[in-house]
Structure formats: C-alpha cells, structure tokens
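Please read the following briefing alongside the sequence and the three-dimensional view.

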Amino acid sequence: MAQSKALLVLENFIGGKFIPCSSYIDSYNPSTGDVYCKVPDSGKEEVEAAVKAAKDAFPIWSSKSPWERSQILNKLADLIEHDLEAFAQAESKDQGKTITFARTVDIPRTVYNFRFFASSILHHITECTEMATMGCVHYTSRAPVGVAGLISPWNLPLYLLTWKIAPAIACGNTVVAKPSEMTSVTAWMMCKLLEKAGVPDGVVNIVFGTGAKAGEALVCHPDVPLVSFTGSTLTAQRITEKSAPHCKRLSLELGGKNPAIIFDDADLSQCIPTTLRSSFANQGEICLCTSRIFVQRGIYSEFLKRFVAEAKKWKTGNPSDPTVDVGALISKEHLEKVRNYVKKAQAEGARVLCGEGVDALDLPPGNQKGYFMLPTVIAEVKDESCCMQEEIFGPVTCVVAFDTEEEVIKRANGVKYGLAATVWSSNVGRVHRVAHRLQSGLVWTNCWLVRDLNLPFGGMKASGIGREGAKDSYEFFTEVKTITIKH
Ligand code: NAD
C-alpha cells in the first residue's frame, strides 16, 4: 500500500507481489464527488506479466488435491470475515452503496462464495459406464483448464469478483482478474490476505485498469483459454468479437430488464415490501432488479397507491449512515444517464409519481456533490418506450396494468433481455404455468433474490451465455475427458 497526499494509491498484484504502475486513473467517492483513490491504468505489459505469473503457478496449484485447495479457500473466507467491517466500509465508500448493504450482503456473500466452493469442490463425481459385451468401462475425468481471465463490474464489486475467483481456483486453475476501474479497492484489500491464507504466489493475480486497455489485453491474450465476464451486453459483444480468433471458452453474465408480474390474488403485504427491495436495493444497481412491474387491473390502483407511499419512505443520503436505504449512484455520468430516462418517459407522456423531478432531495452538507437520486416510480409507460425496453440500472421502476395471464406473459417476454422475473400469486397452478413460459434464466415466485448457489445462475437472450453455480461453474472451469479401458 502506498499513501500520497491523502489519496489511496492501489498497486497491481502479480506473482504474489504488489507492483506499482506507470500511470493511474482517478477513482471517485460517489457520495462526495471527490477523487480519493488512484487506480493503476494497466495495459498489455502488466497483463503479460500477470498471465506469466499465473502460467508459472499453474503446475503446482493444479496438482494439489481438492482437499488442500478447499482448506486454503476456507482460510481465506475466515480472514475476510475477520475483517468484514473494514471491507464493508471500503466497499460502501468506493461504490456509493449503503454501509448496511455492504455489511449484510456484499461482504457476507464474498465470504460465502469461498466457503461454498471450498465445500462443493469436494463433492463432484464423474460419470462411468460399462460396455460388458466389449469388455470396456468408460469414465470421465475433469482437469483444470489453465489461466482463467475474470472480468467483473462495479455494482457488487467483491461479491461478483469472488463468485468467479472462488470456483476458478477451487477447480485448480490460476487466475488473472480485472475488477471494474471504478471499484477496485476491496479486490486490492483481499490481495493482502492471500499469502496468509496460503494461496501460493501467482495463483491469484489482479490487474487494475480500464476495460479498453487492461480488459482487452486479457481477453486477447493467447495464454488465457477461458474468460468469465459479468457486465453489460455491449461489452460482451466486444469481448466475443475480440476472443473469437482464439476460440476461447466464454461465460457471459449480462444485463436484464426484469419484470415483476403481480396477479390480483397476490399477498400485497409480502409483495409490496419485496417489490420495493427488488426495485431499489443497492440503488437499483443489481442486474436482478425489477424495472417493469405488471399489476393486474383489479388491484392496480391500490397497488400503486401503497407502493408509491412506501417508496417515499426510503431514505436517500449519506451511505455511511446506517438508517439510509439508498446511497449514491456509481458516477456522475451514470446518474445523468438514469435521470435522462426519467425525462424521456415524461416527454412521452408517462407520469412520474415520486422521486426524480417530483420530490426534493435532502442531503447532508458533505454529500451535496454526491451522485444521489430518489427512488422513482413511473406509471403509464408504453411497452415500447425505452424505459420499458432498455436497462436503466438505477432506482427507477415502471408500473403498468394488465388484464390476462396470456397477455402479461407476452408483454413480459417482449424485451431483448431474459435474466430474472418475479411472479406474485397465491394460485400454485398459475405460478408454475407462468414460470415455465417466461423467457428468463431465473424466476422467483412470491419472493426475490433467494439464491441456492448449487443451482444454475444466468440469463437467456441478451442476458447471457452459460450458467454459474456449483455444477455449472465446475463444468466451465474444468476440461472433461472420456477414457475407455478394455479389460
Ligand atoms: P461494463 O460492461 O461496462 O464493464 C464490466 C467490466 O468489463 C469492467 O471491469 C470493465 O472495465 C470491463 N470492460 C469494459 N470494456 C471492456 C472490453 N472492451 N474488454 C474487456 N473488458 C472490458 O459493465 P458495468 O457498467 O461495469 O456493469 C453494469 C452491467 O453489468 C449492467 O449491464 C448489469 O446488468 C451487468 N451485470 C450483470 C450481472 C449478471 O450476473 N448477469 C451482474 C451484475 C451486473
């Protein structure tokens, strides 16, 4: 760690050492608008060194037993958990999210990512068949692939980065990871714990910098045979193009435009608080957040009235205040982009019922230059409006009415994305029927964001390619071989 003029200066972590970079990018505290950190602006040279370190570490790491690797992952989980408060404070400052969210979601899930894969790696079994007439048995073996390139976004920084690092190294790969240039601090903090956890030098390398320079250098590197990416659909298209000449294995977890479908027999006492969370948690900056709420006409007015009244109670302000529900958005540019969606909806004749442009922000003096926005509810938006079609990724949700099951399925599926959906009804037959017909990688009925990491996570259509989870990540991060023995 280096400290200069009170700015935090990060360094790349390559081959077990912190290495300064020749140039740096400013990183902002979203809740004050001040530059508080310098992030290495890495490029080809740094990526080259990191890939070499990862390649050199591969023979030893890949030959360790799953049990040995599991113990190291568990130790790392313990160390992060021990420092949970420091990690949560850093994540909140770097990303703008509330301290409460960082304490209860981001960092606990980071710890759990390592514990989960430390355990799941011990429980995989491979297939075996017998062909008695030929005197043969066939079986499959799985081996780590090599150096994995891992690229993650800014919304759940350490949570999503470790959702990739943990399975990659549990399977015996070594990694070069690149977090978002906007949220690099907690990944750098984690590097300080790797040696103590027993992670050998070169197994985890972190190169900080932009997507255009560091990200592309990693994606294009010939010695990186697999890339796991979480981020926007646009970037995924670029990564697919750039990696195509090398025929790389890709896992792509992308954006969403997630519907909530609320039937007139829904239990609104459960549905309203959960749909508020699914719309506004983490400032709406979660790929799984709801941004299109379809409410059956009979309960539309009542739902809207109660939903807006509750949304107005969400407190927006200083993320380090534990009573605050909505922190700052990631950047000035992103705030502008989200605000523009609200303006476009208004220009199209939609009604903004609360939040942006309707209610006044009340911020403490130290946060006046931060990137804040109130939870915003828009009604009477046309399905073809950009607010109903494009990912906004902010605290904005649209509420519209529907009449029939058939109609709402068609409308919910009428976007290019297919990541997550929620269905609210007390009719068991209906929730199964609707869940089966939604074009969505995840469907939650009468709940939201309840995850079992054993099961596949990922999106359909423009929301992604591939799935992550116990079995899916194991398959992605290993190469399978079929062996036949004649006796
Ligand atoms: P982004 O695509 O702009 O950036 C994601 C990462 O890719 C960053 O580390 C960035 O530096 C890097 N990158 C950018 N250009 C690159 C390039 N040409 N080559 C290689 N790397 C490059 O996304 P973002 O704005 O950081 O994150 C928000 C997006 O992520 C939203 O669309 C959101 O829905 C999505 N997301 C998806 C999931 C999921 O699991 N499906 C989870 C969280 C976020």
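Predicted model: local features only at pLDDT ≥ 70, side-chain atom pairs only at ≥ 80, totals over all residues.

Residues are numbered from 1 along each chain as its sequence is written, and side-chain values use heavy atoms, with hydrogens and water left out.

- Seven strands form an open sheet with mixed pairing, in the order 16-17-18-15-14-20-21; strands (E, at least two residues) and helices (H or I, at least four residues) are DSSP runs numbered from the N terminus, and two strands pair if DSSP finds at least two bridges between them.
- Strand 16 (351–354) and strand 21 (442–445) are the edge strands, each of them pairing on one side only.
- From one strand to the next the twist averages 25°, with axes taken as lines fitted to C-alpha atoms (for helices over the stretch in contact) and angles running from 0 to 180 degrees between N-to-C directions.
- Three bridges link strand 16 with strand 17 (residues 376–379) in the antiparallel sense, and Val 352 stands opposite Ile 378 of strand 17.
- Strand 17 and strand 18 pair in the parallel sense over four bridges, where Ile 378 has Cys 398 in strand 18 as its bridge partner.
- Strand 15 and strand 18 also pair in the parallel sense, over five bridges, and here Gln 296 has Phe 402 in strand 18 as its bridge partner.
- Seven of the seven residues of strand 18 are buried, where buried means under 20% relative accessible area, exposed over 50%, and partly exposed in between (1.4 Å probe, protein chains only).
- Both faces of strand 18 are covered, with Val 396, Cys 398, Val 400 and Phe 402 buried on one side and Thr 397, Val 399 and Ala 401 buried on the other.
- Helix 13 (residues 405–412) lies across strand 14 (258–262), strand 15 (290–296) and strand 18 (396–402), and runs at about 150° to strand 18.

- Strand 9 (residues 147–151) runs parallel to strand 12 and is joined to it by four bridges, with Leu 226 of strand 12 as the bridge partner of Ala 148.
- Strand 13 (residues 249–253) likewise runs parallel to strand 12, joined by five bridges, and Val 227 stands opposite Leu 250 in strand 13.
- Strand 12, helix 8 (residues 233–243) and strand 13 make a right-handed β-α-β unit, right-handed meaning that, with the strands pointing away from the viewer, the path from the first strand over the helix to the second runs clockwise.

- Nine bridges pair strand 8 (residues 136–144) with strand 24 in the antiparallel sense, and Ala 143 stands opposite Glu 479 in strand 24.

**Around the ligand**

- Ser 152, Glu 181, Thr 235, Leu 254 and Glu 391 come nearest among the 30 residues around the ligand, a residue being near if one of its heavy atoms lies within 4 Å.
- A backbone N or O atom of Ser 152 lies 2.7 Å from an oxygen atom of the ligand.
- A side-chain N or O atom of Glu 181 is 2.7 Å from an oxygen atom of the ligand, and for a side-chain N or O atom of Ser 232 the distance to a ligand oxygen atom is 2.8 Å.

**Two loop residues with positive phi**

- Most residues other than glycine have a negative phi.
- Cys 247, in the loop between helix 8 and strand 13, has a positive phi near 50°, and counts as exposed because its relative accessibility is 70%.
- Gln 283, in the loop between helix 9 (268–280) and strand 15, has a positive phi near 60°, but counts as buried because its relative accessibility is 1%.

How values were computed: Contact = heavy atoms within 4.5 Å. Polar contact = N/O pair within 3.5 Å; in protein donor to acceptor, adjacent residues only side chain to side chain.
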